Amino acid sequence: MPRKTKPRTPGRPKRDAPDGAALLIQSARSVFAHDGFRKATLRQIARAAGVNHALVVHRFGSKEALWKTVIEQQVAYVAPYVAELAELQGRTEIPIRARLETALRELAKGVFGNPEGVMLFSSIGLERGEKLGFLVKQVLVPYHDALYPLLVEAEEAGAIRCQHLETLFVVVVMAVMMAVSHRNIFEYFGDGDDDGARLQDRVTQFLVVNFMAAQNAAHGANGGRPSSRRSKPGL
């Protein structure tokens, strides 16, 4: 007769599980994304990882340390996308319209590729306070600092309408985040074939069509009105 195996009790990760620290970070990200920082507990994270609570304490020491490790992972994830946006600033041989469209596509690609990160922002956003400030500073501000100069150049060239560019940045980011976190709603209004890649394309097209001025709007598109942007980003 085949030998019966006992149900596994919490302890150390299985042999075929991801590295112990990676598994705990992955579980912590999921728990923080679902419950926020305040409600999440180390015991909850340990249960999600299938390990003993003592192992979490041994590895990270505290919920605060584990939280910071999760955010560091988010920073590492967005770094290549931020670098791509920053590189576009210097590619002046390419028309600003084309560069800004590329930037919007990269932004959408980065957000769609990190749905749990979006949920993390949503849950921490509801809590407000220090944790939200830390998350914004570490993840959103680098995006802002890389994209903002492109928005300034686009406004001056008439590629986007004259407006408050800080607000435009936030609205663009939040529009993509909302599309990711509420993607199930698109099923009711799509064409029945809204997989992740297709929805990402549709949302990117929405950004391009609605946030960029018409192609024939030349340098005088702002009608001589002064720019509404601040001279220095306020984040």
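Start with how residues are sorted: Ala, Val, Leu, Ile, Met, Phe, Trp, Tyr, Cys and Pro count as nonpolar, Asp, Glu, Lys and Arg as charged, and the others, Gly among them, as polar. The model shown here is predicted.

Now use that sorting on the largest cavity. Its lining has 11 nonpolar residues, four polar ones and no charged ones. The space inside comes to about 140 Å³. Val78, Val111, Asn114, Val139 and Met177 lie closest to its centre, out of 15 lining residues. Several helices take part. At least two lining residues come from each of α4 (63-89), α5 (96-112), α6, α7 and α8.

How many cavities of 30 Å³ or more does a search of the whole structure find? There are two. The second largest cavity has a volume of about 60 Å³. Find its lining in the model: Leu100, Leu104, Leu147, Leu151, Ile160, Leu168, Phe169, Val172 and Phe211. By class, these residues are nine nonpolar, with no polar and no charged ones. Helices α5, α7 and α8 each give at least two residues to this lining. The most come from α8, which supplies three.

Next, turn to the largest pocket. It holds about 260 Å³ of space. Its lining is made of 16 residues, and those closest to the centre are Phe121, Leu132, Leu140, Met174 and Met177. Three helices, α6 (115-127), α7 (129-156) and α8 (165-181), are the elements that give two or more residues to this lining. Which element gives the largest share? Helix α8 does, with seven residues. Sorted by class, the pocket lining has 12 nonpolar and four polar residues, and no charged ones.

Last, look at helix α1, residues 20-39. This helix has 20 residues, yet its end C-alpha atoms are only 23 Å apart. A straight helix would reach 28 Å at 1.5 Å a residue. Where is α1 kinked? The kink is centred on alanine 33, and its angle is about 85°. Is α1 mostly covered or mostly open? Helix α1 is mostly covered, with 14 of its 20 residues buried.

How values were computed. Residues are numbered from 1 along each chain as its sequence is written. This is a predicted model: local features need pLDDT of at least 70, side-chain atom pairs count only at pLDDT 80 or more; totals for chains, interfaces and linings use all residues. Side-chain values use heavy atoms; hydrogens and water are left out. On a 1 Å grid over the protein atoms alone, a cavity is a set of points where a 1.4 Å probe fits but cannot get out, and a pocket is an open set with protein on both sides within 12 Å along at least five of seven lines; lining residues have an atom within 4 Å of a point. Grid points are joined across faces, edges and corners, and a volume is the space filled by probe spheres set on the points. Helices (H or I, at least four residues) and strands (E, at least two) are DSSP runs, numbered from the N terminus. The expected span of a helix is 1.5 Å times one less than its number of residues. The bend at a residue is the angle between axes fitted to the seven residues ending there and the seven starting there. Buried means under 20% relative accessible area, exposed over 50%, partly exposed in between (1.4 Å probe, protein chains only).
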